[in-house]
Structures are given as C-alpha cells and as structure tokens.
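User: I have a structure open that is new to me. Can you take me through it while I ask things as they come up?
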Amino acid sequence: MNRRDFFKIVATTGATAAAAGCQQATEQILPLVVPNDNLVPGVAAWFATVCRECPAGCGVLARNREGRVVKLEGNAEHPVNRGALCARGQAALQGLYHPDRVAGPHRREGEAWRAVGWDDALKLFGERLGALKGKPRALAVVSQLESGSLGALLDRWSQALGGRPRVTLEPFGYEAIRSGNQLTFGRDAVPYHAFEAAEVVLSFGADFLETWVSNVQAARGFARMHAFREGKTGTFIHVEPRQSLTASSADEWVRNAPGTEAAVALAVLRLMLEGGLTADKRYGDAVAAVDPKRVAEESGVPLETLKHVAKTFASARPGLAVGGGVAVTGSQATALQVAVNLLNAAAGNVGKTVRFGPDHAYGRVTPYAEVARLVQAMAGGEVDVLVLGAGVNPAFTLPGGLKVAEAIRKVPFVVSFSNLPDETTALAHLVLPDTHWLESWGDYAPHDGVLGLMQPTMQPIREARPMGDVLLEVGRSVLGSEEGKGPLPWSTFEQYLRAAWEPIVKGQWEAALHQGGVWRDVPPAAVTVAAKLDGVDAGPAKLEGPADGLALLAYPSLRFYDGRGATRAWLQEVPDPMTQIAWDPWVEINAQTATRLGIRQGDVVRVTSPHGAVELPAYLSPSLHPGAVAVPIGHRYAPYHVRLKYVPPAQGAGNPMALLPAGADAASGAPAFLSVRVALVKTGARRPPAVLQATHDQDHREIARHVDLTRARDDALRGTRKEHDHPSMYSEQRYRGYRWGMTVDVDACIGCQACAVACQAENNVPVVGKAEASYGRQLHWLRLERWAEGDPAHPQNLFLPMFCQHCEVAPCEPVCPVFAAYRTDEGLNGQVYNRCVGTRYCGNNCPYHVRRFNWWNYDFPAPLEIQLNPDVTVRQLGVMEKCTMCVQRIVAGKDRAREDKRAVRDGDIVTACQQTCPTQAITFGNLKDEGSTVSTQSHSPRAYHVLDELGTRPGVTYLSKVVRAHEPSPAAGKGHA
Amino acid sequence: MSAPEPRPIAGGAATAEPTFADVNRDVLATLRPPGNLYFAWMSLVGLLLACGFLAWAYQIFYGMGAAGKRTPQMWAMYITTFVFWIGIGHAGTLISAVLYLFRARWRTSIYRAAEAMTIFAVLTAGLFPLIHAGRMWFAYFLLPYPNQRYLWPNFKSPLVWDVFAISTYLSISTVFFIVGLVPDIAALRDASTGWRRRIYAMLALGWEGSDRQWRHYRRAYGLFAALATPLVLSVHSVVSWDFAMALVPGWHSTLFAPFFVDGAIFSGFAMVLVLVLPMRHFFRLHAYIRDRHLDAMAKLILVTGLVLTYFYICELFTSWYSGDHFEKASLFWRLTGTYWWALGTMYFCNCVAPLILFWRKARTNSVILYIVSVLVLIGMWFERFNIIVPSLAHDFYPATWGIYVPTITDSTIIVGSFAWFFLLFLGFIKVMPSLSIVEVKETIPPPMKDARHAGLH
C-alpha cells in the first residue's frame, strides 16, 4: 500500500475501502512525483482520534502536514475535553517520534537484544503458545485499560487459547471509589462528577486538577464552577497534608495529618448533622462514634475550621464532595469514600453532581489485589507465557513489596508489545512493537455513552504492527484455524473493529471517524443509600515503619502520570508547577523537619521504608505537613537512551513505589499508597534539583495580583478600572488594521502547564537538558510561574503564565542595533531571526526576561525532527527568540478571513496556548474590535499589566486572581510527626 | 643600527640635563635588538594570545553557551572588559591632546607611550563587540553600508552610537599618533641602514626638518589636538549610555557619562604608569621620565580617584533617595548579595588604595606607584563588572534572578585580550621610538657651540 492509498483511506472526508491495514507499510520519504489529490503541500489534514496517554480518554485532533503528524489539539466536539488537552496529551508526539522507539521485533539473548524478522518472531511466539496446550491458566494477558474493542478481542483471544482472565493494569484504578460506592449505593462504579454544576467543592485529597480520574474534564468543570465571572463564583475547599497543585487552586486549603481524611470527612458530616445543617438524619448511625473534638486533635485541623467547612458545604445547592487521591489512599481508602458518599448524600448532591449512569471506564480496571494474585502466580511458576500490552510497565508501577521483577523473571516466556524500552521490556524475552496510538485503529470509551473512535493519523514511523493484528495471526496459527473461521476469524484488528462498530454507526462510519466517535445520552441511574450502614471506622490510616518516621505521600506526577510520560523530554523540561523543578525527581520535606534533620535543599537523602529505599535530592517546602514527606510517582529515566547528555539516567529515576508494601486495602483491593513511614538519612552527596524559578516571593512587585471577592464583586458592578497614566512626548502608535492582544485570567489559571507544552510543540522550541535549564538557559517561550503570597507555611498561590508581553513601548526594540526586534503595525513585537546579530541587548532590557537566546545549536534527535512545525522557523545558534503570539496562526487566520471576504473575528485565530487551556484562562483577539472577548476582558476592573509602572504598555493583559476572603483559617495542623 | 654604545645618563646622574645628542642616542637605544628577557615576555604573551584565539574559535564554532552567560546576564565579562579597555584608551588622548593644549610640559616624556597605549587599547576593545556577538559573522550589520534591501542600522540603539564613537576615536587618535611620529621616524631613518632605512623613509613622508615643514607640522598637530579633545569626553560618555539608556535598575542613571569619563581617566593613567615604569627601569630612561612626571601622574590618579569616590557616593545616594523600589532592591543586593566581594574589591582598589598618594614620597616611589596602579586597574575592571553582572542578576523580575558563573572559555578570552594588548605594545617599543625625540628636545636647551650664548637665547 502506498502513501496515496493511505491518505485516501484515512482522510477525514475519506473513502471506505480500507483493504489491508497499514502494518506492512515501511517508512517512505515524502517526494510525490504525481501529487496526491488529498495531499496539498502546505495544507494540514486533521484526523480525529482518542488520546491514550492516560485512561481519561480525551478526544484528539492530529494535525498532519505532508504525511506526518506535527501537533495535537483537543477535539472540540469530544464530550470529555471539549477541545482542551493537558500537558501529557500535548507531549504524546514525543512518544510517537521517540528516538528509542523499537523498530521491528527484538528477541533477547542473554542480556543483548537481537532484531528478528516478524515471521521468525511470530513463529517463536506461536510455538511457545502451542506448548501451553493442556496447561490451563498458564497464559496471562496484561493490558492497560482498554474499554473498547481491543479489550474485547484480548479477552476473546485469551479465552480461545485457554489463558487466565485478562488483567487490566492501571496503577491508579480508584478501586476504593468503586468499593465505597458498592457499600453505600450498591453500585460498583466510578460515577461522573459534575464539578461544573457544584457551588461548593469539598475535596479530600483528590488531585482532580492533576491526574484524578479525568483531569481535563474536571479542570473544565472546575473553571466553570469556580472562575470569577461577573461576580459569580464557587467555593473550593481542599483537605490534604501537602499543598498540591489542586490545593493551590482552593479557596481554603486545610492541612490535615496524613491518613486522617476519613476522620475529617466523618467529623464534617457529624457537625452537619449536629448543626441541623441537613434535613436528612439517616446517617446518624454511621457517624455516631465520631467525636469531632478528637478528630480535630488527631488531624490537626481546628474544630472551628471543621465547623466552618461543614457549614459552607451544607449551604451549597448543590455541593460536591470528592475524595481519595492516590496520595491519601491507604488502609482507610474505602472508609473515606463511604464518608464522602455520605456527605454527598446528606447534602443532597447524589444525582445532581454525583451522577451514576455515565460511569467511568475505571470500573473495568482489575483491582490491585487480583493483580497481586497474578504476580504471586507468576512467582509460583504457574504462568508460562506472559503477554504484556502497550502502556503497562508493572516492574515500575507496582509496589516494590510485590517484587514484580523477580516474579516476571520466573515466567519462562514474556512477550511485550511495548514500543519503547522500559523496566518491564528489559525483562521480556520477545518484544513485538505495537504501533503508537496515533498510528493505530482502535476505540476507547472513557464513559458509558462516549465512544471514542481511533484511526491512524499517519503511517508508522518505525517498523511496528498493531497488537490486535499480531494476536489474531498468532492465535489462528496456534489454533490451526483459517482466516474467516474459528474463534478468531478476522484478518486484522481493523476488520474486527469495523465489525464491532457496525451496530453502533449503522453505516455512518465516516461520520463517526470525522467526529472522533459517537456520543449518546446515558440515562442517569438512580441510586439509594443502603438501608443499613454500620458505623464507619474513623481511625487514622495504619502506617508501617518506625514510629518516629515520616508518612510517605506518594502521589502521581502531573507531568508523568504513572511514568508513562517520563520518556517525553518536553514533560521533563517543563517544570513541576509547584516546586518548579525540571528533570530530576525529588523528595519534598517540610523545611522545619529538614532543619531538624540537618538536611539542606539539594542534599541527596536516602528514603528508607520497611520495603525498600530510594535516594533522592531534597526539596524543602514550607507548606508540607511536618509529619510527612512527599515523592512524586512516575519519574523514570532520561528521555533518550541514545543521548545521555540531558541528565544521567541514574539521576532521573527515583521510584517511590519501591518503598510500598505488597498489601492492599482489604475492603477495596486497592494498592495502599499511604501505608508506610519512612526514615530519612543524608548520604552526604549533593545533587541540587534544577529549580527554574529563582524565587516564589514577588518582593511586593505585584507581578501576579489578587483582589478579594467583595472588592471584585463591587468593581464588577461598577466596572471601574484604574490605570497608570504614562505621558509620552511621542505620538501614539496607530494601528491601521488589527491590533492583536491577549488576556490571561489569573483567577482561572490552575497552573497545569498544558500551555507551556503546547507552545513548545507548536513553535519548535528545543529541549536543553537539566544543566542548561537550571542555569537559566531554558528556551520556553511561555513559562508558568508560581507566586506565593502570605504565610509561607500556608501560602495563597497565584499562577502566572508569562510570555512576551508585546509591549507598545517595548524596551527591547530601541536597543536593537539592527532592527531585528521591531514593532509590527498589528501590535506584535516582531523578531527577525535573519537580521539578529546576537548582541543580546534586548534580553537585558526586557524587564520580563521572556526573550530566549540560542546559546548553542540545539538538535532534535531523529526522528523527533519530523515533529517540527513546518510553519515555524527552526532557529540557529546565536539568535534571540520569543513568543510570537503564534504569528503563523495569525497569518493563516487572516488568510481564511480574506478568502471569506471579511475581517478576522473572535475564534478565527487561536494561539496554541489558548487552544489547549482546560480552563480557558487565555484569550487572544483583536484589541481594536470593541466587541471581541479580548477587548472586553482588557477593560475588566480586574485587568492589569505586569510591571505597568515601567510604562511598557503591554499587549498582554492579566486579570487579577479573586481571593475569597474566608473566615481566617488558623495555620493548620500541628499534627503528629 | 650603527648607534654608538649607549651611555646612559640615567641612574646616578639623574639630575644632569641631557643634551640633544643624548636624547637621540638614548631613545634610539630603546630600539636595539632585544635581549632574552624581552623574548621571554613575548613568548608568554604570544602563548596566552594563542589560547585566547583557540577559545574564541571554540566559542564561534559551538556557540555563545561556551561563555557563562545566561538569563538574566545576557552580558557579562566581555562587555566588562570591553568597557575596561575603552577606558584605558582614554588617558592617551588626554595626555597628548588636552595636556598639549594646556601646555603641560611634563607630558612630553610619556605621551608617546600613552598614545600607543590608547590605540592598542581601542584595538583590543574593538575585538569585544565581535567576541560578544552571538553571530559575529554578521556583525557588519551594525555598519550603515548601502545595500539592496535599504536596511539601515537602528540609530536609536546605543550600540550603533558605540560603533561611530569608537571608530571615530580610533581614526582620530591614530592620525594624531602618526602625525606626531613623523619627525621622530625621520630621525630613525637617518640613524638606520638597509631595509629598515627604506621602510622608515617611507613612513617619514619625506621629512627634512625644514622650517616650512615644522610650521605645517605645528599647525596640524594643534588642529588634531583640538579635534581629539572633545572625543576624550564623548567616547566614554557614549559607551556609558549603553547602560544609561537601558531600563535595568543600576544602569538607568544620568550620572553615568561623567562617572565613566572620570573612571576612564583614572584607569588610563594607572595603565600608563604600569607601562612606563618598567620602560623607565629597563631602558634606563630616568633622565627623561623623571620623578616630577611620576608625581604629576600620581596626583592625577589621586584626584580622579577622589572624584570617583564622590560618584560612588552619589550613586548610593540617588538609589536610596529615588525611593524607587527596584533601584533600592538592586543596590541592597549588590551590597549584600552573592557579588558583595566584587563590590568590596572595587571600593578598596578605587577609593582606598589611591589615598596613599597623598603622601609625597609615595608619589615618586616606583614600587608603591606600581602597586597602586595595578590595584586601580583591578578596581576599575571590577567597577564595570559590578555595573553589569550584579545589576542584571537582581533586576525587575524575581522569577529570573540568577547568578553568572564564568567559564574557562570566557576567562581565557579575557586573558587573551590582555595578551593581545601587551603583544602590540611590546612590539611597538621595539620598532618605534617610545619617547618623543622631538618633544623631549623642546624641553631642554638647544645645543649651542657656546654654552653661554645658549643661555642668552
């Protein structure tokens, strides 16, 4: 099959006659002697598919230029994400074009890998499967959450070959939510949480703006519920021992002692009942034994705060309580979920903001306890062949106490379909690289009712075959059946998929492909609280380890999830928004605790639990609970094995899972993430992490501003805005056509870094590595800053995306000796790379320091260079660069408008950062158009310019954060260490 | 050369007035084939220069990242050293032109060396814009050359002003230097033979010493002196505007032009002493470079040093009195932050060390003068460092504050620039008279057959 055919098949308007899938395709170079009708050079084709970087299943549009995907954007029609995408989704391209992608099957011989042909590889696989005949349950299949056809096919395949039931391995499977719902409502499901419909959100450790369940969906909903709009806003209270990114967006962050979330939730419920704040008295029994005073003592949360939380939550019409982020999931996981359910039930939220019916696909994850049983079976020699799907990495993501690697070593034959080397493929005997999800057919239903359809968006960049195709072929050869017959009659997975979808699409296949799937309304399922509810155990979570140790909070990384994202250099270099650390993992220690232990920032600390030890550099945090340490999960290895210069792999790894026990929460079978106390010992070595923001203290410079809610409401009514007046001897600049401008709503920004990664993807921004990044040489055009106001132990965090401000009186322009920096007549600060000599005067004179210099010639290791956006220049050594407001998109938008013989309107031009923002905090538009959103927002009473006293007159306007003045919350939590 | 064996009148006979013949002989003696010590110095300087060029080649090939610059210090040691050398280049013109117009006679024995120093210092400084530019191969974009695209440099940019100021300064001071050399080269021509004679003959431009020639020479010299005088003030003022025109706290100040000019004279005289004292010692020129010359220069160093101290106080005061948050924060950080030691070094070398020159004996003691001069040079290098690096380190935007750390590459290039300067100067003193034969003769009585007759003139 050639390229022309490929495009005929998959173009969104395309033909139906897909004959042979694309697995035989080899990489071809582009030249087309006879141009393809569907392929116009310079014009992008867009393909709808589903993001598989995590189980949230957001809809994606892949922008294909000349046969290769160069950018991902959220699918605006997809119900989960409505056009937005998180940082991990944006960075999926780096997995697609990863330099380490396995090309063709590889067989392990001793420690070395040898490339083998597909025929030989499949023959070997078939032989090993054939040898299983008569040995039931000796075949095990482990895959990531596949809620669609591939999952069904895997089940069928495994069953046909006499294997064990398939294990769906998701390290963050929310088993406790399911068991809690089973206990409370009699429904084993993860429901839809309607953040957008809530007035008050009360979260017990649920990091829903980072990874919890479906973070983009939650962030969108949260922004609708919480972002200040014309005086209206919601309230968000977050209970967690660590100030996470999610906690930073809370109006009130309540710091509790680790493991006391269930107790706090029950105490809140009890106070609601006691205070007569809820009419529903049925839950009295469940909280009869709860003593709020004792809870206040144990959790370190003052009783006043508990009362206040109860009152606020009860007053909401409706509210929403969520709970059980990974970091707080331990032996009390199910108790916490039950407590959360009771809170929701008591406040009358069930059915309003907690909606059963469109249940999340997480309900199909194999509970960890069963995964553990499989591992034990492997260790006991019961498994002869282990088949690992793409996206699973049990040797890394399962608790160290389970000793997974040793168990896998006991399996005589391990086949991995991973297309990137990881800790588990290192243990495999045969690697059969699966196609990347952007190269594959497939489907994924994140919710009941949302059936996302996946299509190949380009030909495979490396030799790979879809897992489904390989299994069908091998399965048939083992069973001795022919194509079209037997239990596995389909020739390819694509054929299977089409067959499975026929009843759904009923002939409207192209429409479904075009839309990215099929959405259906799912009737809400009515649930009732179980009649008999025993008292819920409100004790603190049980922690193993030394009594004087510190509770280990292992939490999923915003950037790497369970480690799947760690191979992406973009995600490594974009800093964690809270700590602003790039590249290295770290252990977060309370500053006072660290002082007590004599630990300084950057000291390498040995973190020891009863189950293992890891060595990590220390990061001192003034806000973390003194009795806890926090380690992000997911930091794996340096991005490319072929290029170690970014950061040595040994430094890039530090897996807190190694510290965790094998045991599970008895009630739910969930892994116990919060279950150990650890001891910290200084190793004497130093490895300061690369912290990209010099300080979080604004030094009264009002870079990120805030107003309190009363004031903001008052101003919103009156519509006043005071502005610095800067008299000038020069005449005002006139804009004949457009004047482009942007606004950033600091109140809506949650600091998720999606914009920074989208910008990097769109604008060919290179990656520089740890050493260079920590030395102020990172090249990000857009950086996300965290500014902390108030008490350092309990700060109000303000997130500020900072990029070129496109000043009208730009300090960078007059100092450039060659006019490389100049003012365009549409209000941009242009930068002519060809003219730039590299005096760097502009870089000194820019008060925002958003201009980036090419200190070296940066490279894009093959095949990453294919991802480069052909519309954007790749800059040479020695020139300055900076945000262009996506000038290539402006040009394209103006062209489209001109074709329609009209002026550019709102929405014609969307910058990359704006496009991907889950909370729509960024707006771009024409400032001369009085009706445009950007104009309206620029005149908002909350509008301000960063460093406006310098008189630079930026084209980027920020809207102050609205701080909800709550009853003063005393610095929470003495806690118990 | 067929000059007779020198009879140095220096040393013990320092009080004896030299005669015209002595002058000719002693000055031409400085051009005698050099000894081992000279070659040892030349080898060392040549080696350092070679290292500097290698480092520069490395930086051009791999990129500006080889120098330790970063955000926020987009400028660092290169501009520091550039401004330092421009400052050094000041004293020469001051001595040759301004002091000439003021008829300060003590300038005669040192002005040749000072002028040479000026030109070499400007030649050294002129390398730095190239070394500093990210794409030095396009540095010609800064020149207003005619081109098809009608692209001109940006005349608003102080860097373009620099280009004009420095090229003007270099050309005027070079012409002034060459004009002053003509009669001396003629003397050289007359004293040499063979190919040297032919070269000197060409350079002497047919000088015969006729009345007409002398009259024209005097006119021209006076004219160039008048032309060069405003440049003494303008060059360093323009260089100071590189900083004063920028927004950066610690740079944005109207104080900068006089502050820089004074500092330049201060460091320029120190450099003259650093060059002239060894010359006097090794060439035994004590009869020409006398203690009163040293005393006069030492006084100038003292005065400019005191003025500089006054400017430092002004700088501190205006920062504090402005009430500007950014200025105050920047100043406080410069005093207490990472680079406090650089500021301390500067204050000690520029404000405290020269105070010893209040003591008359120190002003004529070569050793003390030499030490003070070296300290002043160090102090003035750090002055520029303190303006550039710590100010940028702690400017408007706290998120990007950062510390600059030098690398081997940029340090080697800086050392190489000193080697380049000394290579030029060491070469010069062996091919050209480093004392002005003509002007030294002016200060001593003309030779007469009858000594009494001479006295009557």
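User: Where is A:Pro863 found?
Analyst: A:Pro863 is in the loop between β34 (852-853) and β35 (880-881) of chain A. Helices (H or I, at least four residues) and strands (E, at least two) are DSSP runs, numbered from the N terminus. The peptide bond from A:Ala862 to A:Pro863 is cis, with omega near 0 degrees.

User: Before we go on, what kind of model is this, and how are things numbered?
Analyst: This is a predicted model, where local features need pLDDT of at least 70, side-chain atom pairs count only at pLDDT 80 or more, and totals for chains, interfaces and linings use all residues. Residues are numbered from 1 along each chain as its sequence is written, chains are lettered from A and ligands numbered from 1 in the order in which they are written, and side-chain values use heavy atoms, with hydrogens and water left out.

User: OK. Which residues does the cis peptide bond in chain B join?
Analyst: B:Thr71 and B:Pro72 are joined by a cis peptide bond, with omega about 10 degrees. B:Pro72 sits in the loop between α2 (36-62) and α3 (77-101) of chain B.

User: How many helices and strands are there in chain B?
Analyst: Chain B has 16 helices and zero strands. Its radius of gyration is 23 Å, close to the 23 Å that the globule rule gives for 457 residues, so chain B is as compact as a globular protein of that length. The radius is taken over C-alpha atoms, and the globule rule is 2.2 Å times the number of residues to the power 0.38.

User: And how many in chain A?
Analyst: Chain A has 28 helices and 39 strands. The radius of gyration of chain A is 28 Å, close to the 30 Å from the globule rule for 977 residues, so chain A too is as compact as a globular protein of its length. Its C-alpha trace spans about 90 × 80 × 60 Å along the principal axes.

User: What share of the residues in chain A is buried?
Analyst: Of the 977 residues in chain A, 66% are buried. Buried means under 20% relative accessible area, exposed over 50%, and partly exposed in between (1.4 Å probe, protein chains only). For chain B, 56% of the 457 residues count as buried.

User: Let's pick a helix. How many residues of α22 in chain A are buried?
Analyst: Nine of the nine residues of α22 (residues 754-762) are buried. Among them are A:Cys755, A:Val757 and A:Glu762. After α22(A) comes A:Asn764, with a positive phi near 55 degrees.

User: Now a sheet. In what order do β36, β29, β38 and β37 of chain A stand?
Analyst: The order is β36-β29-β38-β37 in an open sheet of four strands, and the pairing is mixed. β36 (922-926) and β37 (943-944) are at the edges, each with a single partner strand, so one side of each has no neighbour in the sheet. Two strands pair if DSSP finds at least two bridges between them.

User: In what sense do β37 and β38 pair?
Analyst: β37(A) and β38(A) (residues 956-959) pair in the antiparallel sense over two bridges. A:Tyr944 has A:Tyr958 in β38(A) as its bridge partner.

User: What lies between those two strands?
Analyst: A:Leu947 is found in the loop between β37 and β38 of chain A. A:Leu947 has a positive phi of about 55 degrees, although it is not a glycine. At 0% relative accessibility, A:Leu947 counts as buried.

User: Is A:Glu702 buried, partly exposed or exposed?
Analyst: A:Glu702 is partly exposed, with a relative accessible area of 48%. A:Glu702 lies in the loop between β27 (690-691) and β28 (706-708) of chain A, and its phi is positive, near 55 degrees.

User: Back to strands. How many bridges join β30 to β31 in chain A?
Analyst: Seven bridges join β30(A) to β31(A) (residues 796-802), and the two run antiparallel. A:Arg783 stands opposite A:Met802 in β31(A). The two strands form a hairpin with six residues between them, and A:Gly790 in the turn has a positive phi of about 85 degrees. Five of the seven residues of β30(A) (residues 783-789) are buried.

User: Last one: what is A:Gln915 in contact with?
Analyst: Leaving aside neighbours within four places in sequence, A:Gln915 contacts residues including A:Glu73, A:Gln90 and A:Arg889. Contact means heavy atoms within 4.5 Å. A:Gln915 is in helix α27 (residues 912-916) of chain A and is buried, with a relative accessible area of 15%.
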